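Please look over the sequence and the model shown here before reading on. The paragraphs that follow go from the whole chain to single residues.

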Amino acid sequence: MTDPNSATQSRTTSTLSSSMANIVIPPALKFLMSNLKLIVHTQLTTDNYTIWRLQIHQTFAANGFERYIAGTIPCPSESSAEDHKLWKLIDQNLISALFSTISPSVLPYILHLKTSREIWQALELRLQPTNRSRIIQLKNELHNVQMRDQSVAQYLGKVKSLVDNIAAAGGYVDTEDIILYTLKGLPASFNPFKAAIRISPLPVTLESLYSLLCSEEINLQTEIHQENPITSEQ
């Protein structure tokens, strides 16, 4: 004798399977899910929100899904069964895509949220103020950067790292300001060099400044060696 409950469950499963079979995953969504991590290489942390947001938004927009995270495509009512199921299917896949680009340290803030729009808003509210504070902190470090006992290469690497981190946080530093801060942090032995750069009638690029600084370091080392020669008799 057939179990009525078993028969009912079988019919429900069959109906659900038939309904889902009618829903076709958009090719653009398949592409996004397969390639997002190849396009967005860096996982979201509290330090790189602006760059991450730009990359994600651009990728979603290129594939036609930016309106989901913008909230301009609301979830259809359940009375429109097929539209509702398709929307849920797309949005849940977008959530999975977002999760795959978010670091474990940030994920706990959004795991309880139900839609890609909610996640997008929560990240903006939590990380945008942090980003502004980080930009201010990094710009302050750049303003006060000092060469001290570092080599020119190490010093310039420090300057570049600060500028890159400011850019990653969504900030910007003008080239002239970078040159100004770089010169400001040089030790007194570079004073003649700094004066020459400041009165130069020709514009100085970052590339030429770095090259000139490396040459000046060699010249200073040569002068020191000539003033304090090391002989085998010592």
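**A walk through the chain**

Starting at the N terminus, the elements of the chain follow one another as α-α-α-α-α-α-α-α-α-α. The chain has 10 helices and zero strands, where helices (H or I, at least four residues) and strands (E, at least two) are DSSP runs numbered from the N terminus. This is a predicted model, in which local features need pLDDT of at least 70 and side-chain atom pairs count only at pLDDT 80 or more, while totals for chains, interfaces and linings use all residues. Residues are numbered from 1 along each chain as its sequence is written, and side-chain values use heavy atoms, with hydrogens and water left out.

Of the 234 residues of the chain, 32% count as buried; here buried means under 20% relative accessible area, exposed means over 50%, and partly exposed lies in between (1.4 Å probe, protein chains only).

Which residues of helix 10 are buried? They are L206, L209, L213, E216, E217 and L220, and they cover an arc of only 110° around the axis (taken from the directions from the helix axis to the C-beta atoms), which puts them on the same side of helix 10. An α-helix has 3.6 residues a turn, so residues three or four places apart point the same way. The buried residues of helix 10 pack against helix 7 (152-168), helix 8 (175-184) and helix 9 (191-199), with contact meaning heavy atoms within 4.5 Å. On the other side of helix 10, E207, I218 and Q226 are exposed.

Turning to charged side chains, a salt bridge is a side-chain nitrogen of Lys or Arg within 4 Å of a carboxyl oxygen of Asp or Glu, and by this rule the count comes to two. In one of them, the side chains of D47 and R134 meet at 3.5 Å, N to O, and this pair links distant parts of the chain, since D47 is in the loop between helix 2 (27-39) and helix 3 (49-62) whereas R134 is in helix 6 (residues 116-143), 87 residues apart. D47 counts as partly exposed, at 35% relative accessibility. The side chains of D164 and K160 also meet in a salt bridge (2.7 Å, N to O), and both residues lie in helix 7, four residues apart, about one turn of the helix.
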